[in-house]
Amino acid sequence: MRLHPAKSLVSLIPCVLLLVVLPTANCTLLFGLAGKHALKKDAKRQIEDMETQWRDAQLTGNVSEMERLLSEDYFGISMTGQVNTKEQQLDRIRKRTLVLSKIELSDVKVKLIGTTAVVTSRAEVEGTSDGTPMRGSFRYTRVYQRTPAGLWKITNFEATRLARPNQPEGETSAQK
């Protein structure tokens with residue numbers, strides 16, 4: 001039995017469509033993934049830039065910059081264990097009860113989870129807190145939240161003092 005040439009062509013149409021559509025779908029999928037990767041990379045770069053802005057604002061006592069970076073519902077736990085709202089944190093800088101003269105960062109990591117960014121780092125810090133000289137090594141976690149307008153804001157912070165090698169138990173590096 002012989003097929004009619006027109007019927008043979010009709011039976012090939014699904015195969016031809018598959019050959020045309022499948023590579024296009026794969027390209028769309030690949031470009032979509034590449035676009036998401038680029039967006040994530042851009043968001044991480046924004047957070048890293050904000051970390052630098054925050055560090056510079058702390059070192060210069062720039063309250064207006066700090067106010068811009070902090071969310072309205074911000075709260076932080078300082079290296080001394082003090083819990084501060086946004087206004088309390090800004091007051092510490094305004095009144096100079098916290099003055100930082102050195103902040104050296106290392107081991108900075110940014111993790112993105114949807115509209116949240118978590119930054120962890122190690123910091124070597126020097127300055128004064130409530131008039132008392134302090135210095136030490138700390139690990140910190142800073143949490144950023146992306147607002148509906150697309151802006152990142154610092155929403156939480158916590159610092160943990162690291163013990164110095166060969167430091168007697170119970171003695172903090174601030175006491176040295």
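1. A quick word on terms first: two strands pair if DSSP finds at least two bridges between them. Helices (H or I, at least four residues) and strands (E, at least two) are DSSP runs, numbered from the N terminus. Strand β1 (residues 70–77) and strand β6 (residues 152–161) pair in the parallel sense over 4 bridges, and L70 has I154 as its bridge partner in β6.

2. Before going further, please note that this is a predicted model, in which local features need pLDDT of at least 70, side-chain atom pairs count only at pLDDT 80 or more, and totals for chains, interfaces and linings use all residues. Residues are numbered from 1 along each chain as its sequence is written, and side-chain values use heavy atoms, with hydrogens and water left out.

3. On the overall layout, the protein has 3 helices and 6 strands. Reading from the N terminus, the elements follow the pattern α-α-β-β-α-β-β-β-β.

4. Strand β5 (residues 132–146) pairs with β6 in the antiparallel sense over 9 bridges. Among the bridge partners in β6 are T160 for R139 and E158 for T141. The hairpin of β5 and β6 has 5 residues between the strands, and G150 takes a positive phi near 95° there.

5. Of the 176 residues in the protein, 28% are buried (under 20% relative accessible area, with exposed over 50% and partly exposed in between; 1.4 Å probe, protein chains only). Taking contacts (heavy atoms within 4.5 Å) between residues at least 6 apart in sequence, 47% join residues at least 24 apart. The accessible surface comes to about 11600 Å², with 60% belonging to carbon and sulfur atoms; areas come from the Shrake-Rupley method with a 1.4 Å probe, and for residues only the protein chains shown count as cover.
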